[in-house]
Amino acid sequence: MRLGQLVVASLFLTLLSPPGLNAQDRVIALSDEEVAWLQGNPRVRVHNETNWPPFNFAANGRPQGYSIDIMNLVAGKVGLEVEYVTGPTWNEFLEMMKTGDLDVMLNIVRTPDRLEYLLYTPPYAKNPNAILSRKDGYFASMQELHGHTVSVPRGFFYEEVLKRDFPEIHVQTTDDVLGSMKAVSFGTADAAFGELAVFQYLMEENLITDLVVSGEVQLGDPEFELLNIATRRDLPILASVLTKAVNAVTQEEKRSIQARWFPGAGAPDSKQPDVESPRAISNQQILMLLALSVGLLVLFGLVVMLLGRESRDRDFSKFFGSQSFRISILAGLSILVAVVAVLNWLAISENKKHTEAKTERELSIVLASTIDRLNAWVRDRKSFLRQVGRDPELVGVTRALLAVERNPSALARSDALAQARAYFASNSQFGGAGFFIIAPDRISIGSRRDANIGTANFIAERRPELIDWAFAGSTVFVPPIRSDVVVGDGLEKRPLSMFFAAPVTDHDGDVIAVVTERVLPDGALSEILRAGRIGLSGEAYAVNSDGNMVSESRFVDQLVEIGLLEERDTELAEIPVVDPGRDLTQTIRSDVSVADRPPTVMMAGALEIRGETGAADTAGALQVSSNIDGYRDYRGVPVVGVWTWMPNLDLGLTVEIDLAEALTDFANFRFNLLAISGITTVLAIGATLFTLLVGQRAHRSLSLARDNLEARVEQRTQELSEAYGVITDSINYASNIQRAMLPIEQAMSGAFEDSFIIWQPRDVVGGDIYFLRQWGGGTLLVVADCTGHGVPGAFVTLISSGSLDRALDQVPPGAVGPLMQQVHKHVQVSLGQDIADGASNDGLELAVVYTEPGKSELRFGGACLDLFKVEDGAISAIKGTRKGIGYRETPCDHTWDETVVSANPGTKFYLVTDGLIDQVGGERRIAFGKRRFRSLVMEISRLPMHEQKERIEAALARYQGDELRRDDVSAIGFTGLK
């Protein structure tokens with residue numbers, strides 16, 4: 001192998017080596033609760049649209065499309081069965097989600113209104129929004145559409161956004177995207193909004209040529225370009241399961257589905273939300289690699305040129321035995337190793353960047369999803385508690401409590417307190433952690449524990465502003481505060497508690513008290529955060545302003561093992577989120593006390609965000625920070641993560657995953673790349689050195705062999721030239737013989753008033769042939785298309801000609817069908833196809849026309865060829881029997897139909913072989929076809945036959961263009977029987 005070939009091979013292996021070769025799919029770690037839910041709910045109902053290709057549509061009663069394939073893949077990863085619901089419109093699907101008649105929306109955009117009743121997975125595709133206009137008056141921007149009408153499908157997010165944010169644009173709604181496109185085409189709307197891929201697919205599928213994608217829909221929110229899977233808000237576990245499954249879809253799986261529905265999308269599309277994006281090389285790096293490759297090729301070219309000049313006056317083979325050649329080889333191998341090392345370094349660096357970017361996107365998506373679920377839970381609990389505060393039964397109990405004397409003993413003995421406790425105990429939706437009923441003087445007049453009764457409410461003492469808001473009529477969330485009650489068996493622990501507080505209002509709307517629901521952070525909060533656990537080591541948890549974790553840790557057992565928790569503290573522990581300075585899972589316990597350890601990078605960053613936004617600031621978007629380089633978590637394990645501070649809850653949220661797991665794909669890619677390039681380089685060097693050794697020993701023998709070979713080549717060339725001349729002369733002479741067999745056009749004019757003949761063999765000789773014979777008192781016209789073309793086809797024409805001559809002597813004149821049967825028998829016998837062990841399976845397609853003088857009719861028989869007839873401005877085809885002549889599979893006694901066809905004055909007839917019909921050409925590179933031939937004949941049928949011939953030949957040549965001729969071409973036209 002030459003050195004240049006080795007370098008090119010290594011370069012291609014380096015550039016094309018797939019990342020993460022043989023990497024296993026990511027394991028989907030489901031919680032016990034999720035597994036139990038899937039066992040109890042194995043089937044989900046998913047929406048399937050009738051006409052939203054290429055993403056989601058129904059064809060032949062089957063759901064199809066890119067989104068359907070994604071859903072099937074996602075469902076298969078977690079063992080879900082999918083029941084597709086087809087038929088309703090988009091707006092009806094949304095109503096079904098609200099009423100509980102549907103479980104999953106498959107391709108939906110996230111909007112504020114929909115967040116009220118839907119939970120979203122991470123996006124699985126990016127579909128740019130486009131403006132569709134007529135070609136004769138298009139709109140390129142949103143501003144140009146002010147005062148104009150835009151058509152959108154009813155219920156699509158465009159309707160919501162346009163009516164809310166763009167009142168100057170008139171909105172027209174239709175049932176689906178195709179309806180919106182038709183509205184623009186028919187002029188009832190000026191433009192339509194939709195997804196670029198859908199517009200392109202429907203325009204091509206429905207041959208819509210008057211519309212054009214004229215601009216981009218810029219709505220100001222990148223979320224509007226992302227397609228998500230969404231579940232009902234009352235199915236949070238399903239949302240969690242689908243989120244994990246979507247995150248587990250690999251880029252290879254996504255590319256496979258893209259290739260099916262988006263031709264040419266085999267490579268990752270920069271417009272797709274690549275949550276699993278493998279390494280990609282920037283344009284600058286591609287140019288650098290190309291420049292390096294070109295530079296190497298130029299260098300090797302210069303070396304070859306110099307070697308050629310140096311050896312111009314001497315035997316070049318002697319150079320291979322010289323020391324300078326060995327030095328050149330070693331220098332080339334050194335360059336090869338350097339180039340491979342540089343390319344590996346570039347590929348590894350770029351892959352690491354993309355792996356880190358992919359991990360950050362995944363963590364950010366999970367964090368956003370967790371925030372959505374947490375906010376939804378807060379909204380739900382507020383709404384529930386607001387209804388509780390309006391319950392007439394609770395209002396009556398509260399009035400009774402307000403009438404009791406304000407001292408602990410009186411309140412504890414009162415029937416009103418017993419009624420209050422019974423009320424909350426009987427309410428299955430109310431949390432079991434406890435409640436307060438707070439009087440306007442901020443005294444607790446109702447509680448689950450006697451210790452709280454008749455005393456100043458500790459929530460009002462620590463967060464008075466929130467209780468004031470509740471008395472002002474608002475339902476509020478109280479962030480975690482230290483409980484007023486000691487819990488545990490002698491542990492003297494005061495756990496953190498969260499509360500929801502709502503006003504208790506009478507029928508006049510007056511606030512008479514405030515009711516609160518106690519929520520422990522390790523309850524509902526931890527359950528919500530469990531859904532944010534991705535992979536095998538991913539964890540989502542909440543922290544408070546004291547720097548402690550206030551939700552359940554995923555690694556409780558591990559924390560006990562390494563000494564961060566005591567066995568008895570696991571339920572009440574608040575884990576300090578501090579950096580132990582070492583990986584405690586791999587080493588002995590740290591000798592630095594917890595109080596002296598600094599906060600982790602995440603904890604410090606979250607507190608910094610809190611300081612910038614303020615503990616009670618709920619306006620604006622959340623500030624999110626991340627660290628993908630790696631930092632130690634509270635266990636000392638290197639992790640990467642994203643985090644934020646939620647001012648409305650006064651809690652920090654983070655999603656982390658072990659650095660080792662986050663870089664698994666990168667590690668696999670690096671190992672595989674180094675292994676492949678290393679093995680390739682070693683093999684290339686070994687092969688080169690082996691070739692050098694063998695070459696030096698063999699160059700003497702090669703020099704001698706070269707001299708002998710040149711003489712032999714010259715001799716063989718002369719022999720081949722002579723043989724070629726003999727063969728060419730023979731074929732040309734055979735062409736003369738074949739042409740001599742054909743009737744001349746003057747013979748046709750003796751049988752018909754007007755006619756033409758087109759006979760164009762593909763090669764010098766051909767497999768098409770035609771005959772004109774006098775048979776009895778009439779004329780027999782035969783057109784045949786024999787197996788093959790060129791010399792083989794010409795041989796079959798000779799056999800066919802002889803078979804026809806013999807058959808004419810054996811069949812009464814005019815018996816077209818029996819004539820074809822006899823020809824068939826003779827061909828089979830001539831080719832040995834009538835015996836079992838014969839090697840041939842050849843034959844011909846045949847059209848036979850028999851006319852008699854003075855009769856206005858003709859007899860036609862066809863074997864896979866038709867007779868075309870033009871009469872009274874219409875063209876028709878008289879079909880032949882669909883069975884070829886001579887072929888082994890055609891029975892020996894097979895009969896062919898004989899048809900009597902009227903031939904009135906002016907009627908024109910045409911016979912054509914499939915060489916013309918099957919010729920490929922045109923812009924779409926398809927066959928000429930019978931339909932195009934019939935249209936051409938109708939167009940030229942009124943012309944004289946010689947002009948028709950010219951028009952047919954010109955049309956065929958124009959359609960064929962630069963395409964090669966596929967087969968022999970024959971066509972005969974005639975009119976006016978004599």
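With which residue does glutamate 34 form a salt bridge? Its partner is lysine 244, and the closest N and O atoms of the two are 3.0 Å apart. The structure is a predicted model. Its protein chain contains 27 helices and 37 strands, and 50% of its 978 residues count as buried.

**The chain as a whole**

- The accessible surface of the protein chain amounts to about 45200 Å², and carbon and sulfur atoms account for 53% of that surface.
- Considering contacts between residues at least 6 apart in sequence, 69% join residues at least 24 apart.

**Salt bridges**

- Side chains of opposite charge can pair when their charged atoms come close.
- Across the whole structure, a search finds 37 salt bridges.
- One of these is the pair of glutamate 34 and lysine 244. Glutamate 34 belongs to helix α2 (residues 32-40) and lysine 244 to helix α8 (residues 236-247), so this pair ties together parts that are 210 residues apart in sequence.
- Glutamate 34 counts as buried because its relative accessibility is 4%. Lysine 244, at 9% relative accessibility, also counts as buried.
- A further salt bridge links glutamate 253 with lysine 77, with 3.2 Å between the closest N and O atoms. Since glutamate 253 lies in helix α9 (residues 251-261) and lysine 77 in helix α3 (residues 66-78), the pair ties together parts that are 176 residues apart in sequence.
- Glutamate 253 is buried, with a relative accessible area of 19%, where buried means under 20%. Lysine 77, with a relative accessible area of 22%, is partly exposed.
- Arginine 762 and aspartate 763 meet through their side chains in a salt bridge of 3.4 Å, N to O. Arginine 762 is partly exposed at 34% relative accessibility, and aspartate 763 is partly exposed with a relative accessible area of 30%.

- An open sheet is formed by five strands in the order β26-β37-β34-β31-β32, with antiparallel pairing.
- Strands β26 (752-760) and β32 (874-878) are the edge strands, each pairing on one side only.
- On average, neighbouring strands of this sheet are turned by 15 degrees against each other, direction ignored.
- Strands β26 and β37 (residues 969-977) run antiparallel and are joined by eight bridges. Serine 755 has phenylalanine 974, in β37, as its bridge partner.
- Helix α26 (residues 929-940) packs on the sheet and touches β31 (867-871), β32 and β34 (908-912). The direction of helix α26 makes about 135 degrees with that of β32.
- Helix α27 (residues 945-960) also packs on the sheet, where it touches β26, β34 and β37. The direction of helix α27 makes about 25 degrees with that of β26.

**A nonpolar surface patch**

- Val294, Val298 and Leu302 form a nonpolar patch on the surface, and together they have about 250 Å² of accessible area.
- Valine 294 is part of helix α10 (residues 283-310). With 48% relative accessibility, valine 294 counts as partly exposed.

Methods:
Residues numbered from 1 in each chain as written. Predicted model: local features only at pLDDT ≥ 70, side-chain atom pairs only at ≥ 80, totals over all residues. Heavy atoms only, no water. Patch = residues over 30% accessible without salt bridge, like charges linked within 9 Å, V, L, I, M, F, W, Y side chains within 5 Å. Areas by Shrake-Rupley, 256 points an atom, 1.4 Å probe, with all protein chains shown as cover. Salt bridge = Lys/Arg side-chain N within 4 Å of Asp/Glu carboxyl O. Helix = DSSP H or I, 4+ residues; strand = E, 2+ residues; numbered from the N terminus. Buried < 20%, exposed > 50% of the residue type's maximum accessible area, 1.4 Å probe, protein only. Pairing = 2+ DSSP bridges. Axes fitted to C-alpha atoms, helices over the stretch in contact; angles between N-to-C directions. Contact = heavy atoms within 4.5 Å.
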